[in-house]
Amino acid sequence: MTDRVSNGSRRRFLRGSLAGLSAALVAGCDRLGDTSWFGALLRSGETMTRATQRLIVPRAALAQEFTDADVKGPFRSNGTSHPRSTTYDALAANDFVDWRLHVDGLVAQPLELSLEELEAMRSRTQITRHDCVEGWSAIAKWTGVPLADVLDRAAPQPNARFVVFHCADPKEADGTEPYYESIDMIDAYHPQTILAYRLNDAPLPIGNGAPIRVRIERQLGYKMAKYIMRIELVDRFDRLYGGNGGYWEDRGYAWYAGI
Amino acid sequence: MSQLYYRHRLPVRLMHWINVVVFVVMLMSGLTIFNAHPTLYWGDESYGGATKLLQIRGVNTDDGPVGLTTLFGRTFDTTGLLGAAPNAHGGVTLRAFPYWSTIPSFYSLAEARRWHFFFMWLLIVNGLLYVLWSLATRHLSRDLAPTTTDLKSIWPSVKDHVRFRHPRGEAAKHYNVLQKLTYLSVIFAWFPLVILMGFAMSPMLDALAPGWVDFFGGRQSARTLHFVAAFALLAFMALHVFLVITTGLWNNMRSMIDGHYRVRPELPVPAAPVTEFPPIDYAPVDPTDGGRTRRPGSRAAAASTADRAGSKQ
């Protein structure tokens, strides 16, 4: 009887000290993560990953494409499902007839394109897998105009290094903190990078970014901005919003999302 | 009688301890990443009726927070550990893995990914250096590759292990066959699998050869296999630490710190058992060989096989 009691308390002590040891370890890691030198060290992993992946994966290597049979259900709406914006609501009420895509910044020929004009351009349809940073995946069929074609029309200046997507959805209820994203020219000119206006053979629903969202098939979902209003070409993005090149990047996520 | 024996060379000791830190960080930051979407599937995707293999949920009920873990369709109450567990501030938090098992201790997918994808590089570089060093110095072929004799002694070695009989003398200077096979599977199967399945989750690396991920069942299957391999490595670590403690904690630790291991002397071979009624076919005893020469079938022969722990291999 006493043996059993002491066994129980020994086990409790052991379990308590294991959890305690682990809790001390994670507390130490938390503190280390808060120091700037260690934070910078951790961030260097992103640079190494980007450099390595750019080195070994050919620029035009395609993401896997699937067949119609692989599209098994409606595509889930993640993040913003309806922008909190009266401007956006007015555009949506009129089926985006009055919506214009502005392409500007470091371009020789700034553009204003209607949805009809985009739909009249060369289109690409692809069935691909969307990978969220959280870990889930979903397969869907996307139709849109290659971003490369739009950029060619705008004729980027030689010093343009990044493509910035400005979106209609503010992330705060008071209309502030707009969603935005940026990619480099390699991803911008990739053959599967399209401004999608159709999803699973139907017009792109509001929940998935109407009237257009960008597909960047070799990156994670948060790079693929929805509700795009304006495309700006820049030579640097550190002067935009939080300075890290995207809404989630300003909240600590990696700018390079190939992993 | 006991002697110090130089067991682990400096590069092995260094790479071992680097790997300890790196593996623990990878595992714990990985648990935070898992917490972002605490469900594992089989197949390419997570929706459209994908097969759920594991799901950890936390729900608020009238009786308080409850943690529920569903494995292969069977749901278990895991309150206190998975799904809902005490936090560092005296309350209960709904999340798959509890705060003391994750890096960072609070939920931050962004920060966990930074830890994971920096230490990933250390894991890969340290692992590659270890394999190259082991090949170059013939550590692999000399110390880790099982010999034919080893392979024949698997079953006796299993029996020794479950009886906690550990080698002494000369035998203690070499890995036994179970150690060799376990270490080889960790080095050449579990670590490569966990790393490869990590690569399979990278949308950019998937484009290297479109479709290669389907060889492992698809991206969500790869995520599941990444998790399984990580827990196989955790199980290895737990067993490894258990054996380090039970087979002489300080001696083992010293061998991985300054390299020296104290080999326990061979057990004196027990004298021939005195039988009250010697069998008719009892062979003459040669007192100089400690009673080893026995005919098969006699009780003394049985006693000498029982002593294998001291003289095996």
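Predicted model: local features only at pLDDT ≥ 70, side-chain atom pairs only at ≥ 80, totals over all residues.

Biologist: Okay, which domains does chain B have?
Modeller: The assignment gives domain 1 (3-36 + 105-263) and domain 2 (39-96); such bounds come from an automatic or database domain assignment. The centres of domain 1 and domain 2 of chain B, taken over C-alpha atoms, are separated by 28 Å.

Biologist: And how many residues of chain B's domain 1 and domain 2 does the contact take?
Modeller: The contact takes 12 residues from domain 1 of chain B and 12 residues from domain 2 of chain B. Being in contact means that the C-beta atoms of two residues, placed from the backbone, lie within 7 Å. On the domain 1 side, helix 8 of chain B gives the most, with 6 residues. Helices here are DSSP runs (H or I, at least four residues), strands are too (E, at least two), and both are numbered from the N terminus.

Biologist: Switching to the sheet in chain B: what's the strand order?
Modeller: The order is 2-3-4-5, in an open sheet of 4 strands with antiparallel pairing. Strands pair if DSSP finds at least two bridges between them.

Biologist: Why is one side of strand 2 and of strand 5 of chain B left without a neighbour?
Modeller: Strand 2 (39-42) and strand 5 (74-77) of chain B stand at the edges and each has a single partner strand, so one side of each has no neighbour in the sheet.

Biologist: How many bridges are there between strand 3 and strand 4 of chain B?
Modeller: There are 8 bridges between strand 3 and strand 4 (residues 64-71) of chain B, in the antiparallel sense. A hairpin through 2 residues joins strand 3 to strand 4 of chain B. R57(B) stands opposite L68(B) in strand 4 of chain B, and L68(B) stands opposite D77(B) in strand 5 of chain B.

Biologist: Now helix 2 of chain B. What span should its 28 residues have?
Modeller: At 1.5 Å a residue, the 28 residues of helix 2 (residues 109-136) of chain B should span 40 Å, and the end C-alpha atoms are 40 Å apart, which agrees. The expected span is 1.5 Å times one less than the number of residues. After helix 2 of chain B comes R138(B), whose phi is positive, near 60 degrees.

Biologist: How many residues of chain A are in contact with chain B?
Modeller: 45 residues of chain A are in contact with 40 residues of chain B. Helix 2 of chain A gives the most to chain A's side, with 9 residues.

Biologist: Last one: is L204(A) buried or exposed?
Modeller: L204(A) is buried, because 24 other C-beta atoms lie within 10 Å. The cut-offs are 20 or more other C-beta atoms within 10 Å for buried, 12 or fewer for exposed, and partly exposed in between, with C-beta atoms placed from the backbone. L204(A) is in the loop between strand 8 (202-203) and strand 9 (213-215) of chain A. L204(A) and W142(A) are 62 residues apart in sequence and 8.8 Å apart in space, C-alpha to C-alpha.

Key:
Residues numbered from 1 in each chain as written. Chains lettered and ligands numbered in written order.
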